[in-house]
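Please keep the sequence and the structure at hand while reading.

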Amino acid sequence: MATSEELHKRRVEAVARGVGSTIPAYVDRAGGGTITDVDGREWIDFAAGIAVTNVGNSAPRVVEAVRAQVERFTHTCFMVAPYESYVAVCEQLNAVTPGGFEKRSALFNSGAEAVENAVKIARHATGRPAVVVFEHAYHGRTNLTMALTAKNMPYKHRFGPFAGEVYRVPMSYPLRDGGLDGATAAARSIEMIEKQVGAENVAALLIEPIQGEGGFVVPAPGFLPALREWATAAGVVFVADEIQTGFCRTGDWFACAHEGVEPDLVTLAKGIAGGLPLAAVTGRAELMDAVHVGGLGGTYGGNPIACAAALAAMETMRELDLAAAARRIGAVMGERLGAIAARDRRVAEVRGRGAMLAVEIVVPGTLTPDPAATAAISAACHAAGLLTLTCGTYGNVLRFLPPLVISDDELARGLDILDAAFG
Ligand SMILES: Cc1ncc(COP(=O)(O)O)c(C=O)c1O
């Protein structure tokens with residue numbers, strides 16, 4: 001087998017430079033809470049492929065379901081010749097997402113595609129053009145979703161012009177907004193929408209209940225409910241982007257549930273299918289069904305192999321109670337991160353929920369972001385065998401997203417490495 005170094009040389013000659021990788025090691029196998037490269041080096045996995053392998057890599061049920069499906073048929077296109085597993089995934093999504101009302105779902109391939117479709121549905125159903133998004137938001141890399149995403153480098157730089165009718169308002173970011181309470185922060189955003197856009201022009205308000213790429217920003221309690229209330233009164237479709245927070249990651253099936261918020265539409269991807277590409281929009285039947293027949297779809301959306309994997313992944317989440325596992329991981333990790341924060345003044349805040357936790361790194365005694373220190377700590381983790389990711393508008397957030405099936409021992413070893421990396 002080629003070594004990681006050899007593969008890296010080939011990659012440079014074959015793969016476009018614009019596609020980056022966190023570590024220059026090439027995976028041979030992965031499972032539980034570890035990833036092993038072709039040279040036999042092992043990393044404890046605190047990334048889960050960016051919050052995807054919540055059920056673990058090659059989860060037994062997923063493997064079995066995929067194998068069985070591949071043998072039956074691989075693709076007919078649901079828009080041409082439909083099949084049961086697509087319907088079954090939609091039934092399950094309608095049941096597990098927040099909101100006791102009647103729902104429908106449609107399946108797609110990627111998170112960005114789900115977000116694009118949520119906007120299409122909201123615009124079609126309301127007949128309004130505008131979409132409101134938040135500072136630090138991340139919603140994808142397609143043309144519309146680049147417009148919805150806040151951060152320029154690396155996501156938007158020189159890729160414009162972007163789609164129109166997208167309006168950005170302040171996020172509740174307690175560390176950096178002087179600790180505004182949720183209601184006050186929401187009032188500030190709502191005033192901006194009403195003054196600068198006009199509620200009657202807004203099709204959708206799109207928000208990550210906990211921001212992902214933007215820095216694991218957890219809004220102050222009350223922020224999401226106040227926006228939900230305003231959207232209902234204004235006839236605006238409230239869209240929760242649960243692509244990173246979904247499928248047990250935060251200690252509940254979906255992050256909106258922590259504050260009892262029921263979105264009109266939810267965008268889903270990442271953790272949905274144990275690593276196979278699948279995404280969805282789930283929401284109120286009257287909104288979803290407003291679109292004419294043929295208005296939604298795509299060649300691969302709801303591919304039968306991905307649907308089989310999703311059914312198996314959701315069964316695994318229930319069987320292993322991965323929401324409870326995320327809460328346990330969060331408790332263990334939170335305690336260790338709290339201890340690091342208590343001794344290291346570079347840590348401005350430990351935040352997140354369940355198995356979606358992060359630390360924000362600053363110049364001690366200030367709120368000045370320190371992306372260099374963040375990168376150095378992350379690199380020290382990689383060198384010592386722990387795969388961590390960074391994020392944040394200022395590049396100064398270390399985030400932790402282990403698979404929810406990580407063992408206690410792997411979690412403890414990962415946290416020991418992290419602890420040592422802080423020095
Ligand atoms: C909240 C959120 N929305 C949308 C996306 C885009 O998903 P994808 O990369 O599958 O297009 C992501 C990906 O990181 C995300 O975290």
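The model is a predicted one, so local features are described only where pLDDT is at least 70.

**Ligand surroundings**

Around the ligand stand Ser110, Gly111, Ala112, Tyr138, His139, Gly140, Glu208, Glu213, Asp241, Ile243, Gln244 and Lys270, and this shell divides into 3 nonpolar, 5 polar and 4 charged residues.

| Residue | Protein atom | Ligand atom | Distance |
|---|---|---|---|
| Gly111 | backbone N or O | oxygen | 2.8 Å |
| Ala112 | polar backbone atom | oxygen | 2.8 Å |
| Gln244 | polar side-chain atom | oxygen | 2.8 Å |

Taken alone, the ligand exposes 390 Å², of which the protein buries 83%.

**Hairpin**

Strand β1, residues 27–31, runs antiparallel to strand β2, residues 34–37, and the two are joined by 4 bridges. The hairpin formed by β1 and β2 has 2 residues between the strands, and Gly32 in the turn has a positive phi of about 55°.

**Thr267**

Is Thr267 buried or exposed? Thr267, which has its place in strand β9, residues 265–268, counts as buried because its relative accessibility is 0%, and the cut-off for buried is under 20%. Leaving aside residues up to four places away in sequence, Thr267 touches Ala114, Val115, Ala118, Val239, Ala240, Asp241, Glu242, Ile243, Ala280 and Val281. Asp241 and Ile243, two of these contacts, are also among the residues around the ligand.

Note on methods: Residues numbered from 1 in each chain as written. Predicted model: local features only at pLDDT ≥ 70, side-chain atom pairs only at ≥ 80, totals over all residues. Heavy atoms only, no water. Pairing = 2+ DSSP bridges. Near = heavy atom within 4 Å. Polar contact = N/O pair within 3.5 Å; in protein donor to acceptor, adjacent residues only side chain to side chain. Areas by Shrake-Rupley, 256 points an atom, 1.4 Å probe, with all protein chains shown as cover. Nonpolar A, V, L, I, M, F, W, Y, C, P; charged D, E, K, R; others polar. Buried < 20%, exposed > 50% of the residue type's maximum accessible area, 1.4 Å probe, protein only. Contact = heavy atoms within 4.5 Å.
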